[in-house]
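Please keep the sequence and the structure at hand while reading.

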Amino acid sequence: MDLLNTLVDKGLRRELPTREEALAVLATSDDELLDVVAAAGKVRRQWFGRRVKLNYLVNLKSGLCPEDCSYCSQRLGSKAEILKYTWLKPDDASKAAAAGVAGGAKRVCLVASGRGPTDKDVDRVSETISAIKEQNEGVEVCACLGLLSDGQAGRLRAAGADAYNHNLNTSEATYGDICTTHDFSDRVSTVQQAQAAGMSACSGLIAGMGESDGDLVDVVYALRELDPDSVPVNFLIPFEGTPLAKEWNLTPQRALRILAMVRFVCPDIEVRLAGGREVHLRSMQPLALHLVNSIFLGDYLTSEGQAGQDDLAMIEDAGFEVEGTDTTTLPEHRRPGCGGAADEPAAETTADAEAPATTVPAPSDETRRDLVSVRRRGAGTDLPPNA
């Protein structure tokens, strides 16, 4: 297939595909799926071998968010029956993080609901970062606290935060359809503040919200322009009690095509398989390891994932290996002081490029309650975490 040969050649050279080529990946048929996975897998192995980085989420503050993001179970007005609690104490958060590290996680992601942190919140998170790093040698800590105010990124970096996560989620053109309490530029600004403070930027997307192929390509190109070190790909978890509860637009095959497209556009960036993988990929999760080089271990913020031991078994059975703390995730040319990705050839981004029409499954009339499991263990509860 000429398209895939071209994309592999470009990926191995770090040359970005055209927008038309990216759209064409999403338009491939199910009959071509294994060819698409194999092609993107060559690019993944070129830059990351067979390593899989494990990340572990600690939800520092759950629910009670004033923002109205339609996809989120913690949003303003959400009727999802999730855990709701205020800030975990630093010691409790550190204990939760230790469970993930013991399970093999290399990075701990500290997340708090809300529009953004107050200065007092930054102090609290800084204490938590210190506690985690004192007890877990070599662990990376990523903060995800919402929109940052002036000076907060620098304070988090000084406290030991290695990275900051703030996802773009969807294309700029459709952002107003999923959120009205802040806009796309606010998110871009926060990622840029984190980068300016010396933190590694982590920013990704959510697929399955009813967006078009063009929206998916647009947000991935916007991410590539921001040049984060890590791009998490989330698949919508349609929580009962949220506006998108009936948005069941994904099949396992489409989810894999989306991951392949992201890998071709972001050949040498850490692509992370994030929330919703169990819900939408299901038994085809192992195939995704040929496309991504990073996953979350165990549970997510408000939903449960598969058992941590099952994650580890899946990685081993698929012929991959867990990345250790003594290994640098990114290829050498992307590490600080090595020139980064600024010298990469520019992608052709023809605005009117279109791919052949593709059929996307229509939303189901019924909410699949059997596939969405609300988290009832770990942080904020008396039950042990899943790691």
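Helices (H or I, at least four residues) and strands (E, at least two) are DSSP runs, and they are numbered from the N terminus. The model is a predicted one, in which local features need pLDDT of at least 70 and side-chain atom pairs count only at pLDDT 80 or more, while totals for chains, interfaces and linings use all residues. Residues are numbered from 1 along each chain as its sequence is written, and side-chain values use heavy atoms, with hydrogens and water left out.

Asp227 lies in the loop between H9 and strand S7 (230–235), and Leu64 lies in the loop between S1 and H4. In the table, as in the rest of the report, buried means under 20% relative accessible area, exposed over 50%, and partly exposed in between (1.4 Å probe, protein chains only).

Strand S2 (residues 107–112) is largely enclosed by the rest of the structure, because six of its six residues are buried. Arg107, Cys109 and Val111 point one way from S2, whereas Val108, Leu110 and Ala112 point the other way, and all of them are buried. Two strands pair if DSSP finds at least two bridges between them. Strand S1 (residues 51–61) runs parallel to S2 and is joined to it by six bridges, with Lys61 standing opposite Ala112. Between these two strands the chain passes through helix H4 (residues 90–102), and this β-α-β crossover is right-handed; that term applies if, with the strands pointing away from the viewer, the path from the first strand over the helix to the second runs clockwise. Strand S3 (residues 140–144) is also parallel to S2, with five bridges between them, and Val141 in S3 is the bridge partner of Val108. A right-handed β-α-β unit is made by S2, helix H5 (residues 119–135) and S3.

**Nonpolar cores**

A nonpolar core is a set of buried Ala, Val, Leu, Ile, Met, Phe, Trp, Tyr and Cys residues joined through side-chain atoms within 4.5 Å. The largest one has 101 residues, and those with the most contacts inside it are Val58, Leu156 and Phe235. Helix H10 (residues 252–265) gives the most to this core, with nine residues. Contact here means heavy atoms within 4.5 Å; leaving aside neighbours within four places in sequence, Leu156 is in contact with residues including Val122, Ile129, Leu148, Tyr164 and Met199. A second, separate core of nine residues includes Cys109, Val111, Cys142 and Ala274.

Helix H2 (residues 19–26) is mostly covered, since seven of its eight residues are buried, among them Arg19, Glu21 and Leu26. The elements covering these buried residues include helix H1 (2–12), helix H3 (33–48), helix H9 (213–226) and H10.

In helix H13 (residues 308–317), the buried residues are Gly308, Asp311, Met314 and Ile315. Seen down the axis of H13, these residues fall within an arc of 120 degrees (taken from the directions from the helix axis to the C-beta atoms), so they line one face of the helix. An α-helix has 3.6 residues a turn, so residues three or four places apart point the same way. After H13 comes Gly319, whose phi is positive, near 85 degrees.

**Cysteines**

How many disulfides does a search of the whole structure find? It finds zero, where a disulfide is a pair of cysteine sulfur atoms within 2.5 Å. Cys65 is in no disulfide, and the nearest cysteine sulfur, that of Cys72, is 6.3 Å away; Cys65 is buried, with a relative accessible area of 12%. The sulfur of Cys266 is 12 Å from the closest cysteine sulfur, in Cys202, which is too far for a bond, and Cys266 counts as buried at 1% relative accessibility.
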